[in-house]
Amino acid sequence: MPIQHFAPPPHVKTPPLSFATRVGDLLFVSGIPGFDAKGALPDGFEAQFANVVVNIKRVLDEARATMRDLVKVNVLLTRASDVAAMNALYAGAFGPPPFPARTTCVVQALPDPKMLIEIEAVASLAKG
């Protein structure tokens with residue numbers, strides 16, 4: 001079964017990875033931090049969350065999928081104090097129910113000290 005790779009936007013500097021890979025009917029979205037369209041990382045949690053959602057939607061759109069096709073989401077936060085805000089923002093961005101299965105972890109750090117959030121996901125591309 002061939003693997004299809006989805007490249008990061010050209011303006012975003014990334015480590016050596018694909019933004020997503022598709023194998024069969026599954027799309028694996030790499031952990032996406034909150035970089036904006038110019039590749040900058042805003043200071044606020046809400047702005048970073050919004051950028052993550054925009055970038056996930058871009059990858060899903062490129063794969064002809066939507067947020068409703070997500071089956072599993074992993075959320076990494078660097079501050080426990082952002083959990084409540086993340087849940088509120090998440091409900092609007094990933095809803096309405098039913099929501100994808102989700103794991104939320106508070107981690108000591110992400111690759112850039114300014115990163116407050118990173119989200120990775122798996123989507124089903126099976127239509128039927």
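1. Where does Pro96 lie? Pro96 is found in the loop between helix H2 and strand E5 (101-106); helices (H or I, at least four residues) and strands (E, at least two) are DSSP runs, numbered from the N terminus. This is a predicted model, in which local features need pLDDT of at least 70 and side-chain atom pairs count only at pLDDT 80 or more, while totals for chains, interfaces and linings use all residues. Residues are numbered from 1 along each chain as its sequence is written, and side-chain values use heavy atoms, with hydrogens and water left out.

2. The bond from Gly95 to Pro96 is cis, with omega near 5 degrees. A cis peptide bond also joins Pro97 and Pro98, where omega is about 5 degrees, and Pro98 lies in the loop between H2 and E5. Pro96 counts as exposed because its relative accessibility is 53%; buried means under 20% relative accessible area, exposed over 50%, and partly exposed in between (1.4 Å probe, protein chains only). The C-alpha atoms of Pro96 and Arg68 are separated by 8.9 Å, although the two are 28 residues apart along the chain.

3. Arg64 is placed in the loop between H1 and E4, and it counts as exposed because its relative accessibility is 75%.

4. The interior may be considered next. In soluble globular proteins, nonpolar side chains tend to be buried together. A nonpolar core is a set of buried Ala, Val, Leu, Ile, Met, Phe, Trp, Tyr and Cys residues joined through side-chain atoms within 4.5 Å. The largest such core here has 30 residues, of which Leu27, Phe49, Phe94, Ile117 and Ile119 touch the most other members. Strand E3 (26-33), H1, strand E4 (70-77), helix H2 (83-94) and strand E6 (117-124) each supply at least two residues of this core. H1 gives the most, with seven residues.

5. Leaving aside neighbours within four places in sequence, Ile119 is in contact (heavy atoms within 4.5 Å) with residues including Phe49, Val52, Ile56, Val73, Val75 and Phe94.

6. Helix H1 (residues 45-62) also holds Asn51 and Asn55. Asn51 is buried because its relative accessible area is 16%, and Asn55 counts as buried because its relative accessibility is 11%. A polar atom of the Asn51 side chain lies 2.9 Å from the backbone oxygen of Gly34. Not counting residues up to four places away in sequence, Asn51 touches Gly34, Phe35, Asp36 and Pro42, while Asn55 touches Phe19, Ile32, Pro33 and Phe35.

7. In strand E5, Arg102 is partly exposed, because its relative accessible area is 33%. Its side chain is joined to that of Asn87 by a polar contact of 2.6 Å and to that of Thr104 by one of 2.8 Å. A polar contact is a pair of N or O atoms within 3.5 Å; within protein, one must be able to donate a hydrogen and the other to accept it, and residues adjacent in sequence count only if both atoms are side-chain atoms. Among the residues that Arg102 touches, not counting those up to four places away in sequence, are Lys72, Met86 and Tyr90.

8. Side chains of opposite charge can pair when their charged atoms come close. The structure holds five salt bridges, a salt bridge being a side-chain nitrogen of Lys or Arg within 4 Å of a carboxyl oxygen of Asp or Glu. One of them joins Glu62 and Arg58, with the closest N and O atoms 3.0 Å apart; both residues lie in helix H1, four residues apart, about one turn of the helix. Another joins Asp25 and Arg22, with the closest N and O atoms 3.8 Å apart.

9. Asp69 is in the loop between H1 and E4 and Lys127 in the segment after E6, 58 residues apart.
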